[in-house]
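Me: I would like to go through this fold term by term. Please set each value against its definition.

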Amino acid sequence: MPIQIFCSVSFSPGEEAPGALGDVWGSQQQQQQRQKRRDNSESEEEEEKEKEVSRKGADEGALPVDLVAFANSCTLHGANHIFVEGGLGPRQVLWALAFVIALGAFLCQVGDRVAYYLSYPHVTLLEEVASSELAFPAVTLCNTNAVRLSQLSYPDLLYLAPMLGLDESDDPGVPLAPPGPEAFSGEPFNLHRFYNRSCHRLEDMLLYCSYCGGPCGPHNFSVVFTRYGKCYTFNSGRDGRPRLKTMKGGTGNGLEIMLDIQQDEYLPVWGETDETSFEAGIKVQIHSQDEPPFIDQLGFGVAPGFQTFVSCQEQRLIYLPPPWGTCKAVTMDSDFFDSYSITACRIDCETRYLVENCNCRMVHMPGDAPYCTPEQYKECADPALDFLVEKDQEYCVCEMPCNLTRYSKELSMVKIPSKASAKYLAKKFNKSEQYIGENILVLDIFFEVLNYETIEQKKAYEIAGLLGDIGGQMGLFIGASILTVLELFDYAYEVIKHKLCRRGKCQKEAKRNSADKGVALSLDDVKRHNPCESLRGHPAGMTYAANILPHHPARGTFEDFTC
């Protein structure tokens, strides 16, 4: 079966086809050589591209940016004096030493600033703000004597004996009131109900009341129970009553009251207990309407026979939360109080503590637990409350609120009555001069000026200050900035990229590009392979198609064409 072979042959520049092949092509040699020149030009262009790829691969193996060039272009001061052409010399060593010392000083300053920032310092700012009007505070007052002697019957005395330090066998030594209707009602004795009917009544104590020059009376007060029993709060803001405001400061522009403490109604002291009082007068607490009174610990005393002036100033305190401060923006998780305050938290905590340990609550405590009996007061409630206040610091932990309103006070007193007014007052109130001197007192509460103080904690050192200090130290010691840091990161990126390329990535890419090159053979290479002899020995000979070589006429056997 005859085999046809189709082939194309190209010759190197400057060579001619030997033998009969030159005669065959004859007149077409010039055209062939022009074609060869075009092929050679294309081959040269490919070689140039290959050399360029090789150069790129070689460049990947070199340093991305010369260190000396980078030091000369970097904005880091001193680097261009350390990294110079020709290696290190004494001058470069001195510059390097100076740079290291400056860098160490900079790092020390940065460490100090960071440590100061992490200490979370704060400052307290005091500012006085003028106002056209101010809300008048709540004023709670209690008589230091809890029970009127005229309201104490013999059954009451026996019931209260444990609280009063009186033995049942002892003679009270004072006349007692006849038993009231409650003694025959058959209902169990209730301490809250007893205090409500036997405490000093405001209608009997209040002799005169004036607010901002206008009259006031018992209807301006609300009843509240404390450890002193039944007390009264002026301007409580409860029961739908609006909170009173004042438009001026100074005496006569606040609350002025005259009270009769009724010392002749005081109980005799039969023994020392937590409920026994040795004082004569009233306890007063000035507080915000948003917090309940805690008068047994936060109140101040007003003595009879004196007119006491109380100059107030409202203070609005703003504390910082952790880690700068100790306050917490907490909400009141209580069934008894709507708004959070330290007073409300303590009363709530004490109530829960007594209910858990004594199964009862004191008269002034909120809730629905049963009231403690006088025996429970003596044996459980008073000792438990004393232990909680003095020793147990973990059960009642009341956080400082971040916003607080309180009232600073300045007290001054004058004697009342004077000798000139004693007779007049005795006649006016139908009392003796001695009674007036021992029982009458005047309390005048007012704002000193119509402004308030803001006491605010502020962060002494914030992140902006830290960055400013670091930037200043950086510029002072090493002459750098944020952009200098970016330059260093950029150079580090180039170095890392260079290291990765040296591991083989770029070389593999160069090899992959060079594997696509072609091979050009000269006519001598074709002769050395000598394919003609084997082809002549083929028994049938070989022919080729007429169009195997363009622009050439058809020839005979393959040997006539190539050999």
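Reply: Start with axes: they are lines fitted to C-alpha atoms, for helices over the stretch in contact, and angles run from 0 to 180 degrees between N-to-C directions. This is a predicted model: local features need pLDDT of at least 70, side-chain atom pairs count only at pLDDT 80 or more, and totals for chains, interfaces and linings use all residues. Residues are numbered from 1 along each chain as its sequence is written, and side-chain values use heavy atoms, with hydrogens and water left out.

Me: Why are α10 and α11 called oblique to each other?

Reply: Angles under 35 degrees count as roughly parallel, over 145 as roughly antiparallel, 65 to 115 as roughly perpendicular and the rest as oblique. Helix α10 (residues 342-358) and helix α11 (residues 374-390) cross at roughly 135°. The pair is therefore oblique. Their axes come within 10 Å, and the crossing is right-handed.

Me: Which residues of α10 and α11 meet?

Reply: Contact means heavy atoms within 4.5 Å. From α10 come E350, Y353, L354, N357 and C358. From α11 come Q376, C380, A381, A384, L385, F387, L388 and V389. By class, that contact has 10 nonpolar, two polar and one charged residues. (Ala, Val, Leu, Ile, Met, Phe, Trp, Tyr, Cys and Pro count as nonpolar, Asp, Glu, Lys and Arg as charged, and the others, Gly among them, as polar.)

Me: What makes α6 roughly perpendicular to α7?

Reply: Helix α6 (residues 154-164) and helix α7 (residues 191-198) pack at an angle of about 110°, with axes 13 Å apart. That angle is why α6 counts as roughly perpendicular to α7. D156, Y159, L160 and M163 of α6 touch L191, F194, Y195 and R197 of α7. This contact has six nonpolar, no polar and two charged residues.

Me: How do you know that β10 and β11 pair?

Reply: Two strands pair if DSSP finds at least two bridges between them. Strand β10 (residues 282-287) and β11 have three bridges, in the antiparallel sense. K283 stands opposite G301 in β11.

Me: Why do β6 and β11 stand at the edges?

Reply: The open sheet has five strands in the order β6-β7-β3-β10-β11, with antiparallel pairing. β6 (221-226) and β11 (300-302) each have a single partner strand, so one side of each is left without a neighbour in the sheet. The twist averages 35° from one strand to the next.

Me: How many residues of the protein chain count as buried?

Reply: Buried means under 20% relative accessible area (1.4 Å probe, protein chains only). Of the 563 residues, 38% count as buried.

Notes
Helix = DSSP H or I, 4+ residues; strand = E, 2+ residues; numbered from the N terminus. Left-handed = near helix turned anticlockwise from the far one by under 90°. Buried < 20%, exposed > 50% of the residue type's maximum accessible area, 1.4 Å probe, protein only.
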